[in-house]
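Please find below a colleague's note on the contact between the two chains and on one surface feature. The points are numbered so that each can be taken up separately.

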Amino acid sequence: METELKNKVQKGLVITIRDLYKSFGDNHVLQGINLDVFSKENVVVLGRSGTGKSVLIKIVCGLLKPDKGLVNVLGNEVDHLKDKQLRELRQKVGFSFQNSALYDSMTVRENLAFPLVRNAKHLSRQEIKKEIESVLDDVGLLQTINQMPSELSGGQRKRIGIARTLILRPQIMLYDEPTSGLDPITSIEINNLINLVRQKFNTTSIIITHDLTCAKSTGDKIAMLYDGKFIKQGTFDEVFSENDERIQNFYKYNFIK
Amino acid sequence: MNFKTSEKILITKKADLFFAGLYSAFQFIIRFFKEAFVPPYEFKEIIKQCYEVGYKSLGLITLTGFITGLVFTKQSRPSLSEFGAQSWLPSLVAIAIIRALAPLVTALICAGKVGSNIGAELGSMKVTEQIDAMEVSAVNPFKYLVVSRVLATTLMMPLLMCYTGCVAMLGAFLNVHLNELTSFISFFEAAFDKISFLDIFSSLIKSIAYGFTIGIVGCYKGFNATNGTEGVGKAANASVVLSMFLIFIEEILIVQLTNSIR
């Protein structure tokens, strides 16, 4: 398997997941997940709530430890990294949280400066200021720079959350439910932003969602998670042309909603 | 997400939970000492927390300390008067305040005000994934949140204790002056006549221990909060209750120790 993996890494494989298992007590959330994510690819993990989608990306960025299996990110086995190595890897992996997780005691500027000041110590104050303004401009929210998170709308919070991860110029972006709780128009804006981020920052992304519009508009590849396993992987059309009742039900209910 | 647990029960479920909690608290303390003395240091955050713990507690501490000194003197006078020993009042009050009341009152007030604040703040950061967000931004949340707060409470508590002692003595002086027209100088000369270095030193040690306890308990409870807003409330509450309990245990131990030295 190692040689196969090395060959794939040379072909631009960025994330490899093999036979991944994770349980919480008697709740077996992930039961043998396999996934390959190639450079600059947007992979959407689709599935119902509570199926372990978020657990999957939390394992990818080392927030949770797997029970069994291999998770290789940019050539590093996440599970075996020491704290310092994990921190170095995390500078290359951005994570956008479902509820944005902005630091609510800090302004937008301070939220963005927080990781930058601590990870890019060579930057001067002026450079940090410039960097913050440039990323905020990218997400279209430069005017909110001095606002507190509590003064922002849901969509704005999501955008600032994405900006905060982008400020470290990550190679990989992990989006946890980027459109949940947003109105359809704001959702489309976020989907466009995800595509823009890939274009401008050359990122590889895993997008966790149950929103088919988001999946269709952002994903190069869809992986359908059901009962702790991927039951189908492929393009949007390939996945949903499958005659599997579980996939068809998911499709139907999404649009009935 | 609500996950079931299926750990094997070793003794009883409650005993298991207690020992698991004790072990994890011990690990938390060990981690604090590992992280506290290794760079990078979060100086700005430490200073900010010192301001939060120290300066923002001054109002409440002033009021409580002053009233404690005043009331303690007032209540002690009749007993001493019975033996015609009113002249001992300043030294009695000084011993009581410096040896016991100042450190204890300061610690209990701070356990309520600062401990609950730390527990609730960190608890809410935990349940809203802000701590995870720090972690994935390649920032060490333990160093930023826990080390800074515990250092701030440990550093500020002795200062607050000294301040409480001074204010309580002023309260005591006011009562004595109003009743016996004793001058400021003769009151404080009499008060400090019976105070030894060990009294002050043991109080300083006590307040350092109390400060550390308040900080570490608040941070531990907040850092391990679960179950949404309910968990935040529980973390704040548990921070106060546990730190007050530990403060009394420490008080007994330190008093025993200093009495054996004395």
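**Notes on the interface and a surface patch**

1. In this predicted model, a salt bridge links Lys58(A) with Glu129(B), and the closest N and O atoms of the pair lie 2.9 Å apart. This pairing should be read together with the total for the interface of chain B and chain A, across which three salt bridges are found by the rule.

2. On the side of chain B that touches chain A, the greatest contribution comes from helix H5 of chain B (residues 130-136), which provides six residues. By residue class, that side of chain B comprises nine nonpolar, seven polar and five charged residues.

3. As for the extent of the interface, 21 residues of chain B are in contact with 28 residues of chain A, and the two chains bury about 2,200 Å² between them, of which 57% is on carbon and sulfur atoms. Between chain B and chain A, seven residue pairs are counted in polar contact, with both residues at pLDDT 80 or more.

4. A separate topic is the nonpolar surface patch of about 820 Å², whose members are Leu63(B), Phe66(B), Ile67(B), Val71(B), Leu170(B), Leu174(B), Leu178(B), Phe184(B) and Ile185(B).

5. Which helices of chain B each supply at least two residues of this nonpolar patch? They are helix H3 (58-82), helix H6 (141-180) and helix H7 (184-193), with H3(B) giving the most, namely four residues. Leu170(B), one of the patch residues, is located in helix H6 of chain B.

Technical notes. Residues are numbered from 1 along each chain as its sequence is written. Chains are lettered from A and ligands numbered from 1 in the order in which they are written. This is a predicted model: local features need pLDDT of at least 70, side-chain atom pairs count only at pLDDT 80 or more; totals for chains, interfaces and linings use all residues. Side-chain values use heavy atoms; hydrogens and water are left out. Contact means heavy atoms within 4.5 Å. Buried area is the accessible area (1.4 Å probe) that two parts lose on being put together, summed over both. A salt bridge is a side-chain nitrogen of Lys or Arg within 4 Å of a carboxyl oxygen of Asp or Glu. A polar contact is a pair of N or O atoms within 3.5 Å; within protein, one must be able to donate a hydrogen and the other to accept it, and residues adjacent in sequence count only if both atoms are side-chain atoms. Ala, Val, Leu, Ile, Met, Phe, Trp, Tyr, Cys and Pro count as nonpolar, Asp, Glu, Lys and Arg as charged, and the others, Gly among them, as polar. Patches are made of residues with over 30% relative accessible area and no salt bridge: like charges are joined within 9 Å, nonpolar side chains (Val, Leu, Ile, Met, Phe, Trp, Tyr) within 5 Å. Accessible areas come from the Shrake-Rupley method with a 1.4 Å probe; for residues, only the protein chains shown count as cover.
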